[in-house]
Amino acid sequence: MAWLRRKSGDGSEVPARMPPAVDPGGTERFAERVRELSQAGRHGTLTQVFDYLELLRGRQDLPLFAGVSGRAAILLCLSGRMRANLDGLDELVRRKGARLYLQGHRLSRFGIVRAVLELPEYELIFEAPLTLADGDVQEFVSAAYQNEAVEVHLTHAAGARPARFACRAAGIRPVVDAALEAVRGLDHPATLAEQATSADELEARFPTVGDGLTGRTRVRLTVTGTPDGVVTMVARH
C-alpha cells in the first residue's frame, strides 16, 4: 500500500491513499534479485549495484516512470527515428530544462494518469498512460511528491553514453493532488487487456501527444545536477 502525504488547509498532514499495486515496483524487483543471490550460498551482507536503465528492457520512445529507493525518475531510450544520437541534447536540457505534464482522466470505470514529457527540442515530446495499479508508477508518484525532485535518464538505441539529469520539480504537489482527485473513486486498469483498452481510449481523446496540455498540469523540471546512474541494493542473510 502506498501513501502520499499532503498539507491540509491548517497545515496538518493528510494521507491520500492509492490502490494496491498489482505488480511490484523496481525497488522490490531489484531487492528480490539481491536476495536470490544471497540465498544462493553467499552469507553475510551482500551489496549489488544495478544500472538504473536496466528497467527499460529494450523499450524505445516510451518513457518509464519509476521511483527506486525513493528516487523519482523518468527513463527514456530514444530511437534513431526520433533522433540520430544524443549529441547536443545534454547541453540543451541543462540549459532549458524539461516539462512534465500530469493529468488524471476518467475512462469509463477506470482512472488513468496521462503523463507527457517534453524535452526542449522540436517534436521531442512523449506520452505515457499511467495506471496507479502499477508499482513503478506508485513509487514514482510518491517519491516525486515527497522530494519535489525528478531525475531524467536518457539513452539512445545506438548505444551512446546516457545523459542524466537531477531536476527540481517545484510545484509538482498540487499537480499530483489534482490528478489523483480526478480519478478518485474509480478502478484502475490492472491486466494488460484493461491497460491496452484504456490507452486506446485515451489516444482517441487526445489524437496528438500535445493535445489537451495546460499550464495547470505542467511541472517545470529545472536541472540542478547529475544523478547516479546506478541503484545500490543491500541484503543481509
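Residues are numbered from 1 along each chain as its sequence is written. In this predicted model local features need pLDDT of at least 70 and side-chain atom pairs pLDDT 80 or more, while totals for chains, interfaces and linings use all residues.

**Strands**

Strand E7 (residues 110-118) has eight of its nine residues buried, where buried means under 20% relative accessible area with a 1.4 Å probe and protein chains only. Strands here are DSSP runs of E with at least two residues, and helices are runs of H or I with at least four, numbered from the N terminus. Two strands pair if DSSP finds at least two bridges between them. The pairings of E7 are listed below.

| Pair | Bridges | Direction | Opposite residues |
|---|---|---|---|
| E6 and E7 | nine | antiparallel | Leu102 and Ala115 |
| E7 and E8 | six | antiparallel | Leu117 and Phe126 |

The hairpin of E6 and E7 has two residues between the strands, and Ser108 takes a positive phi near 55°. Six residues lie between E7 and E8 in their hairpin, where Glu123 in the turn has a positive phi of about 70°.

**Cysteines**

Cys77 is buried, at 10% relative accessible area, and Cys167 is buried, at 3%. The count of disulfides (pairs of cysteine sulfur atoms within 2.5 Å) is zero.

The residues lining the largest pocket comprise 15 nonpolar, two polar and six charged. Nonpolar covers Ala, Val, Leu, Ile, Met, Phe, Trp, Tyr, Cys and Pro; charged covers Asp, Glu, Lys and Arg; the others, Gly among them, are polar.

Conventions
Side-chain values use heavy atoms; hydrogens and water are left out. Buried means under 20% relative accessible area, exposed over 50%, partly exposed in between (1.4 Å probe, protein chains only).
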